[in-house]
Amino acid sequence: MWVLLKMHSKKQAPVKYYVGIDVGSASVRAALVDEFGTVVAHADQPIQIWEPQPDHYEQSSADIWAACCSVTKKVVCGIDASWIRGVGFDATCSLVVVDKQFQPLAVNREGQNYRNVVMWMDHRAVSQVERINATQHRVLSYVGGVMSVEMQPPKLLWIKENLKELCWEKAGYFFDLPDFLSWKATGVTARSLCTVVCKWTYTSDGGWDDSFWQMIGLEDLVKDKYEKIGNHVLSPGEPVGKGLTPEAAKDLGLPEGIAVAASLIDAHAGGLGVIGADVKGHNLPCENQPITSRVAMICGTSSCHMGVSETPIFVPGVWGPYFSAMVPGLWLNEGGQSATGKLIDHVVRGHVAFPELQSKAAASAHSIYTYLNSHLDLIKKSLPVGFLTVDLHVWPDFHGNRSPLTDLTLKGMVVGLTLSRGLDELALIYLATIQAIALGTRHILETMEAAGHHINTLFLCGGLSKNPLFVQMHADITGKPVVLSKEVESVLVGAAILGACASGDFASIQEAMAKMGKIGRVVQPNHEHKRFYDKKYEVFLKLVEHQREYRSIMNSS
């Protein structure tokens with residue numbers, strides 16, 4: 001799909017443009033963004049995912065790069081190439097494996113070399129991560145105390161233990177996907193501080209910790225001075241090498257030599273696209289306050305909660321503190337919910353009244369969620385809509401808890417079901433699920449605040465930020481105003497900000513963020529509903545307490 005949104009007339013002074021390229025789980029997107037942060041054109045293209053067995057998810061780096069080239073050519077079509085100043089990439093934190101000649105290497109037992117990417121959501125390395133966590137090594141204190149199966153060390157250990165001859169011994173380089181893309185564009189194997197700090201245990205002051213890799217059985221990586229996983233590290237937005245190589249320029253349809261930035265992980269690019277925006281004149285508590293008073297929430301299939309601080313803050317169950325991993329010079333903490341958009345979809349589509357919802361939504365030419373929101377307005381009568389769930393409560397960890405409890409074994413819970421099976425009941429369970437996700441956000445924010453963060457404003461972006469009910473519930477339940485970005489595609493704006501920074505057109509990432517990150521609507525909390533949501537939150541915390549009690553009863557001898 002390709003969309004041209006607005007073009008500047010030829011008579012005006014030339015505008016500076018930047019290309020942002022975002023590799024998500026299922027598609028690659030590109031945008032042409034001007035120096036004021038306006039998305040002028042964007043395009044997307046699906047990419048392939050293989051699931052050879054449960055919990056194994058693989059992709060192809062060649063397929064991903066081909067999609068990057070195709071969408072980029074579309075967005076720059078018809079633009080005077082001399083106006084394009086820089087390129088920034090962001091991507092999921094998937095693991096790319098290539099041999100010493102940079103050719104793809106199989107990450108599977110079938111020996112299919114083109115499938116050389118272990119996806120971020122791949123959970124094959126469960127036993128490896130358990131052993132890594134059992135070491136209680138000091139580097140784990142930077143990931144909330146417990147490493148996730150989605151990080152790279154357990155995946156590397158799995159490859160060594162399961163594909164020793166097929167892959168491990170032949171491997172020349174292991175890249176995080178955002179770094180693979182900047183290598184492909186420039187021919188330089190430098191890594192981004194964002195990827196190696198957030199997913200590989202690098203620290204900006206101490207670098208790699210030899211004792212960690214030796215302790216977990218990956219001492220081979222230490223031998224060659226970390227050549228395979230990166231020994232040249234750049235801050236996000238720093239220029240990489242001499243810019244686009246002739247070959248990459250031809251592939252992407254861009255001029256040779258234009259600046260290429262050190263990359264970001266996709267959620268971090270979303271944070272960059274919203275968190276630094278200028279909020280003057282909106283009467284927000286974060287106006288004239290440092291950026292540390294803000295949290296960026298990137299909410300799509302899953303959600304990330306990004307908060308920054310001037311000094312390192314260790315938050316139990318929240319990843320980080322990571323120095324310069326999103327905003328240079330500041331420490332990042334990253335909370336998360338493993339299933340949010342995916343959970344809402346699961347609850348709504350699995351309900352017996354879903355076919356009725358589908359046909360009614362189609363007849364009224366609305367999306368199913370717009371229809372559900374208006375149906376809730378119909379049934380609420382004189383009550384505030386949120387009060388409809390007075391006796392319906394959800395615990396949202398259908399896919400385990402990432403933050404703040406870091407417990408993959410937790411399950412979802414619903415209390416308050418009846419025999420009714422109509423559209424009203426579907427609308428209510430949909431509302432209760434959205435409220436549960438917002439209560440989970442409150443749980444994360446309160447944990448961050450207890451550890452030393454001072455947060456007064458939420459900045460939302462991503463697909464779920466388009467749902468007004470989701471946004472209002474986050475404002476009401478956290479008691480904090482919610483700021484929406486002007487451009488829905490904040491992740492692409494974040495990637496373009498990197499390119500703008502690498503081009504030298506802005507003095508710093510902070511300056512580029514303030515100029516190019518624009519805010520749209522501001523949603524204030526209904527403070528008169530506070531008592532109701534305080535009670536809902538009390539029930540919410542009781543649910544998980546009870547779940548753990550039930551487990552201990554069932555596990556007792």
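Where is the place of Pro404? Pro404 sits in the loop between β19 (393–395) and β20 (413–415). The legends below start with the whole protein and then move to close-ups. The model is predicted.

**Figure 1. The whole protein, with 18 helices and 23 strands.** The radius of gyration is 23 Å, close to the 24 Å that the globule rule gives for 557 residues, so the protein is as compact as a globular protein of that length. The C-alpha trace spans about 75 × 65 × 45 Å along its principal axes. Of the 557 residues, 60% count as buried. Take the contacts with a separation of 6 or more: residues 24 or more positions apart account for 72% of them. The accessible surface comes to about 22000 Å². Carbon and sulfur atoms make up 54% of that surface. The protein carries 50 positive and 56 negative charges, and their mean positions are 3 Å apart.

**Figure 2. An open sheet of five strands.** The strand order is β5-β6-β9-β8-β10. The pairing is antiparallel. β5 (50–53) and β10 (171–176) stand at the edges. Each has a single partner strand, so one side of each is left without a neighbour in the sheet.

**Figure 3. The pairing of β5 with β6.** β6 covers residues 56–59. The two strands pair in the antiparallel sense over two bridges. Trp50 has Glu58 of β6 as its bridge partner.

**Figure 4. Ser60, in the loop between β6 and α1 (61–76).** Is Ser60 buried or exposed? Its relative accessibility is 4%, and the cut-off for buried is under 20%. Ser60 therefore counts as buried. Leaving aside neighbours within four places in sequence, Ser60 is in contact with Trp50, Tyr114, Asn116 and Val117. Trp50 is also the bridge partner of Glu58. Gln112 is 52 residues from Ser60 along the chain, yet their C-alpha atoms are separated by 9.9 Å.

**Figure 5. Helix α10 (residues 266–275), mostly covered.** How many of its 10 residues are buried? The count is nine. They are Ala267, His268, Ala269, Gly270, Gly271, Leu272, Gly273, Val274 and Ile275.

**Figure 6. Two cis peptide bonds, at Pro321 and at Pro404.** Most peptide bonds are trans. The bond from Gly320 to Pro321 is cis, with omega near 5°. Pro321 lies in strand β17 (residues 319–323). The bond from Ser403 to Pro404 is cis as well, with omega near 0°. Pro404 is the loop residue of the opening question, placed between β19 and β20.

**Figure 7. Phe102, with a positive phi.** Most residues other than glycine have a negative phi. For Phe102, phi is near 65°. Phe102 lies in the loop between β8 (95–99) and β9 (117–118). Both of these strands belong to the open sheet of Figure 2. At 24% relative accessibility, Phe102 counts as partly exposed.

**Figure 8. Lys381, also with a positive phi.** Here phi is near 55°. Lys381 is in the loop between α13 (368–379) and β19. What is the relative accessible area of Lys381? The value is 69%, so Lys381 is exposed. The cut-off for exposed is over 50%.

Definitions and conventions:
Residues numbered from 1 in each chain as written. Predicted model: local features only at pLDDT ≥ 70, side-chain atom pairs only at ≥ 80, totals over all residues. Heavy atoms only, no water. Helix = DSSP H or I, 4+ residues; strand = E, 2+ residues; numbered from the N terminus. Rg over C-alpha atoms; globule rule 2.2 N^0.38 Å. Buried < 20%, exposed > 50% of the residue type's maximum accessible area, 1.4 Å probe, protein only. Contact = heavy atoms within 4.5 Å. Areas by Shrake-Rupley, 256 points an atom, 1.4 Å probe, with all protein chains shown as cover. Lys, Arg positive; Asp, Glu negative; His and termini not counted. Charge placed at Lys NZ, Arg CZ, Asp CG, Glu CD. Pairing = 2+ DSSP bridges.
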